[in-house]
Amino acid sequence: MNVKFALIILFAAHSWMIDCASAQPAKGDPIAELIQKVNLDSMLGTVRVLSGLDSVNLPGSHGLILSRQRDYPGNELAASYLLSEIKKQGLQPKLYCSSPTCCNILATLQGTRPQAPPIILSAHYDSRPIAEVAPGADDNASGCAAVLEAVRILKAYRFYHDIIFAFWDEEEENAVGSATHAFQLSQKNKRLKGMISVDMIGYDADDDGKVLINTKDIGISPLMADLMVEVNEKVCLDMRKALNPT
Ligand SMILES: [Zn+2]
């Protein structure tokens with residue numbers, strides 16, 4: 001197993017085939033096997049809870065998540081829900097609060113090579129606007145649903161690298177949550193293999209039918225983006241790379 005599996009699972013649509021006219025997966029292909037496990041109902045269920053359509057029912061934490069903006073109770077409720085969902089999958093998530101309002105959630109799927117730098121697969125869970133109702137179904141309950149689905153599926157596999165599933169808080173406040181984590185990593189001189197941030201995958205804003213990969217000309221980021229495009233071509237999912245978008 002290698003990192004390609006982690007990349008592909010986010011955007012999987014059909015099957016590991018060159019012939020896009022046929023919907024049948026190639027038998028015995030491990031990537032096809034992973035893709036077949038992606039469950040739309042599972043992802044939709046996450047989006048419904050995080051955007052306040054279905055309620056959270058946890059001991060001590062229950063109700064509708066009406067707004068995940070940092071100043072509203074739905075933000076904390078969303079964190080409780082995500083922690084609970086990750087635990088259900090057998091991982092041990094941790095809450096890292098850098099301020100009373102900013103709490104990131106991280107859970108690690110241990111890799112087989114301790115020296116291999118980890119890969120982060122992430123989504124922000126806070127929302128906008130600053131209002132009592134800020135459902136953010138696309139931005140970014142959809143991304144959270146993708147990362148949770150990756151937890152559900154990938155937990156059964158082992159990769160060379162640690163995969164860190166991260167849910168950032170206060171992305172809508174100048175990316176405070178992820179920036180804090182990046183700063184802490186740099187202070188400890190810790191290296192990453194790469195990071196994929198999943199944001200707004202529930203809506204095709206320019207209606208071109210393609211998944212947009214925003215990347216910057218930093219380190220191996222453009223190569224990672226090229227790899228994602230290449231891998232996903234084989235599952236018949238169009239992707240478009242945008243380098244250094246404004
Ligand atoms: Zn977003």
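Student: At what angle do the axes of α3 and α5 cross?

Tutor: Axes are lines fitted to C-alpha atoms, for helices over the stretch in contact, with angles from 0 to 180 degrees between N-to-C directions. Helices are DSSP runs (H or I, at least four residues), strands likewise (E, at least two), numbered from the N terminus. In this predicted model, local features need pLDDT of at least 70, side-chain atom pairs count only at pLDDT 80 or more, and totals for chains, interfaces and linings use all residues. Residues are numbered from 1 along each chain as its sequence is written. Here the axes of α3 and α5 cross at roughly 135 degrees and come within 8 Å.

Student: Which residues of α3 and α5 make the contact?

Tutor: Two residues are in contact if their C-beta atoms, placed from the backbone, lie within 7 Å. From α3 come S42, M43, T46, V47 and L50; the α5 side includes A141, C144, L148 and R152.

Student: Which residues touch the most other members of the largest nonpolar core?

Tutor: Such a core is a set of buried Ala, Val, Leu, Ile, Met, Phe, Trp, Tyr and Cys residues joined through C-beta atoms within 7 Å. Buried means 20 or more other C-beta atoms within 10 Å of the residue's own, exposed 12 or fewer, partly exposed in between. L82, C144, V147 and F167 touch the most other members among its 43 residues. With 10 residues, α5 gives the most to this core.

Student: What is F167 in contact with, leaving aside neighbours within four places in sequence?

Tutor: Its contacts include L82, C144 and V147, as well as N104 and Y125.
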